[in-house]
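Subject: Structure handover

Dear colleague,

I am passing on the structure we spoke about. Please find it below, followed by notes on what was found in it.

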Amino acid sequence: MQAHQWTWGINQWVEYLRDKELPVLPTTAARLAALRDGGEAARENLSARDLVDIVYGDPYLALKLLRRAEERRTRQLGHDTTTPLAAVLQTGYDELQALVANSRQSVDLLPGCHACEQRAVLAAVLARAWATRRVDVLPDEVAMAALLAEIGELLLWHFAPEMTDKEVAIYQWNERYWALQQRTSEMDFSFRQLTMALAQSWGLPTLIVALIKGVDSPRANLARLGHEAVKAVIGEASTPELLVLLQEVGALLPAVDLLAIAEPLPLADEARTALQAAIAAARAGSGEQSVQGVDQA
């Protein structure tokens, strides 16, 4: 990173990052190499959904495929591509193999980058699970938005790691020690603002951009809450904090039990047991209040 880049604004970073070559995760390269080495037998047993699962594990690959699909749509005047399945079907197996084989791998990076990659993947899992429980018409769209929501930060980890590491440290300090004097950011934009600006510069589908932006809709809120839940779990949030978050998700899924909403959370056994007990206690308390209300009436 050059010294003058520390003073760049969001427009300069968008121009710098928009055409950078995207990497893929080493696990993605390894999984596709194993399929390739398996020959025709492995290919015959492969379904499009198997390839989609690989895409869901790699936000970089998801973005690569989405951008390629949109470039083709623009030339052919087709429909927007808004799900990993549609992107995979448009790309095809052979082209996907070539795309990954010719991509550099996301290695030798600061720990914060790998943490951000993990958050994106887990958030997509939660968003898709909750959208499915909501009986969303296309839960994969919600998952795609969650998977790409931190792409601005991820690209900065690759091309401006020192600045990104410092900015994340400032954010974590201000969040943890909010009662003390807040540290000042050296960036005049947020990671989310950079993600939005890049998405618009790439011409990503309007629907995906709106979901990433977080317009006040159940689908966008599920994508947002997926990220908040992952941060809470990784940050070892207390059981009451997790319960409040689940209740916010529950407000978007009124017909779904909180235990079902909590099921996809990546929790250790002890934390899951404590959360289940808290849900049961909250349910019992709610029932007592309902009975008291009937008696008073």
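How much accessible surface does the chain have, and what share of it belongs to carbon and sulfur atoms? The accessible surface comes to about 15200 Å², and carbon and sulfur atoms account for 53% of that. Please keep in mind that this is a predicted model.

On the overall build, the chain contains 17 helices and zero strands. The C-alpha trace spans about 70 × 55 × 40 Å along its principal axes. Of the 297 residues, 44% are buried.

One residue was looked at in detail. Ile279 sits in helix H17, which covers residues 269-296. Is Ile279 buried or exposed? Its relative accessible area is 2%, and because buried means under 20%, Ile279 counts as buried. Apart from neighbours within four places in sequence, Ile279 is in contact with Leu243, Leu246, Leu258, Leu259 and Ala262. As for Ala260, this residue is 19 residues from Ile279 in sequence, and the C-alpha to C-alpha distance between the two is 11 Å.

Regards

Technical notes
Residues are numbered from 1 along each chain as its sequence is written. This is a predicted model: local features need pLDDT of at least 70, side-chain atom pairs count only at pLDDT 80 or more; totals for chains, interfaces and linings use all residues. Side-chain values use heavy atoms; hydrogens and water are left out. Helices (H or I, at least four residues) and strands (E, at least two) are DSSP runs, numbered from the N terminus. Buried means under 20% relative accessible area, exposed over 50%, partly exposed in between (1.4 Å probe, protein chains only). Accessible areas come from the Shrake-Rupley method with a 1.4 Å probe; for residues, only the protein chains shown count as cover. Contact means heavy atoms within 4.5 Å.
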